[in-house]
Amino acid sequence: MANHIQAIRGMHDVLPEQAPLWQYAETIIREVLGAYGYSEIRTPIVEKTELFKRSIGEVTDIVEKEMYTFDDRNGDSLTLRPEGTAGCLRACLEHGLLANQTHRLWYYGPMYRHERPQKGRYRQFFQLGVETYGMAGPDIDAELILIMHRMWQRLGIRDKVRLEINSLGTIAERSAYRESLVTYFKAHTDQLDADSLRRLETNPLRILDTKNPDMKAVVGGAPVLMDYLGESSRAHFAGFRKILDDLGVAYEINVRLVRGLDYYCNTVFEWVTDELGSQGTVCAGGRYDGLIEQLGGKASHAVGFAMGIERVLALVETLTDVPVARPVDAYLIRVGEQAERAGIRIAELLRSEVPQLKLQVHCGGGSFKSQFKKADKSGAEFAIILGDDEVSRGEIAIKPLRSGNEAESAQSSLGEQQAVAFFRQRYGKV
Ligand code: HAM
């Protein structure tokens, strides 16, 4: 067998037949973000390693085990971004965007984590991320939930995901809680696995996130962070919940929800599904006010989320009747020397007059029969047929390729301007 070079494990190609589904979802996502007045930001895929260590936290799975880190030719340690929050904030600080200003931003692109690949978990995956700055909330926290809620509705997957929320309080509240948690777990070390024993020293809150079923009982009996929140954190969380209640957005409070990145405070949330096996978190985020100062900025406010596009698409794929766009509307068949020349000219005319029309011109010659086969395979709705006879009569034949529309099922012969009008009427609307 030929020695083909394969893609890197956990990194996937999106093939032409899959691309329309991606584009369909991406279009909806962009429309919803536009409806809320959010602006796009694009940042590099590679950042200094230090940025992720300082923001995500040294003692997190991502930084400890999952980053693609390398030295570049200058000996600087660089990392392929494992997420977008750190880079987005870095860019805003670097360009002075945060001084007494509010921002509502989004980004879209590949992220990299060296995790064990399985269904729904990849080493390169796409995230749509949204970050807002300068707003103390909780109205902005709730606005983010409404954005996600609207995206699920528009994508037709609202009933496949459910919302879990929690509050992590302030850093001070969390450190008081952390002490009680350590005391509790130290009294139960016989029930902790090796990973949790290590986390007890480094990041005890993450023990609550364990997937080990043997630890369910010990985690179930642990103190609850919600009981350690002060008045202002409680009011923030209550305000957040009230907006969701007012608008009828259902949620569950999950007091064990702590998230795997260190930068959060107050509101955290995850949208989860039961339809994707163990990789059930489709979208997640929360508030991270403290990170701005941690990265050298002036104290302000930040809240955001990121959704895993492959997981969202896996849910959309379970639906029947997803209206993905066809890649080709019309396929131009041309047989004979005159027709070949006229065909290219007419195709260019149609593209100028009807810019929305997706028109493929047959290349490479062949009989009417073989060209018709190609036209059919292209998925086009119409064949535009040119033989030398048509050219000498100044006519263009148009034949519908898909049945269904009786009125259009017959082949018609039109002049050039009539053909332009024919396609403009069908495809010319923006
Ligand atoms: P995260 O929970 O690490 O948060 O990732 C967000 C989403 O990205 C997950 O819920 C999941 O859908 C998707 N995801 C994560 N890892 C993988 C993977 N290996 N394969 C496929 N999908 C994956 C963040 O990244 C934060 N930056 C979110 C945020 C933004 N918080 C505030 N602003």
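Entry 1. I began with the second largest pocket and sorted its lining by class: eleven residues are nonpolar, five are polar and six are charged. I kept in mind that this is a predicted model. The volume of this pocket comes to about 550 Å³. Of its 22 lining residues, Gln18, Leu21, Trp22, Leu313 and Glu317 are the closest to the centre.

Entry 2. Which element gives the largest share of the lining of this pocket? I found that α11 does, with five residues. I also noted that α1, β6 and α11 each supply at least two lining residues.

Entry 3. Next I turned to helix α1, residues 19-35. I checked its length: at 1.5 Å a residue, its 17 residues should span 24 Å, and the end C-alpha atoms are 24 Å apart, so the two agree. Just after α1, I saw that Gly37 has a positive phi of about 75°.

Entry 4. Which residues of α1 are buried? My list reads Pro20, Leu21, Trp22, Tyr24, Ala25, Glu26, Ile28, Ile29, Val32 and Leu33. I looked up what covers them, and the cover includes the strands β5 (103-112), β6 (124-133) and β11 (302-308). The helices α5 (139-155) and α11 (309-317) are also among the covering elements.

Entry 5. Last, I stepped back to the whole protein. The domain assignment gives domain 1 as 19-169 + 229-316 and domain 2 as 330-427. Taken over C-alpha atoms, the centres of domain 1 and domain 2 are 47 Å apart.

Conventions:
Residues are numbered from 1 along each chain as its sequence is written. This is a predicted model: local features need pLDDT of at least 70, side-chain atom pairs count only at pLDDT 80 or more; totals for chains, interfaces and linings use all residues. Side-chain values use heavy atoms; hydrogens and water are left out. Helices (H or I, at least four residues) and strands (E, at least two) are DSSP runs, numbered from the N terminus. The expected span of a helix is 1.5 Å times one less than its number of residues. Buried means under 20% relative accessible area, exposed over 50%, partly exposed in between (1.4 Å probe, protein chains only). Contact means heavy atoms within 4.5 Å. On a 1 Å grid over the protein atoms alone, a cavity is a set of points where a 1.4 Å probe fits but cannot get out, and a pocket is an open set with protein on both sides within 12 Å along at least five of seven lines; lining residues have an atom within 4 Å of a point. Grid points are joined across faces, edges and corners, and a volume is the space filled by probe spheres set on the points. Ala, Val, Leu, Ile, Met, Phe, Trp, Tyr, Cys and Pro count as nonpolar, Asp, Glu, Lys and Arg as charged, and the others, Gly among them, as polar. Domain bounds come from an automatic or database domain assignment.
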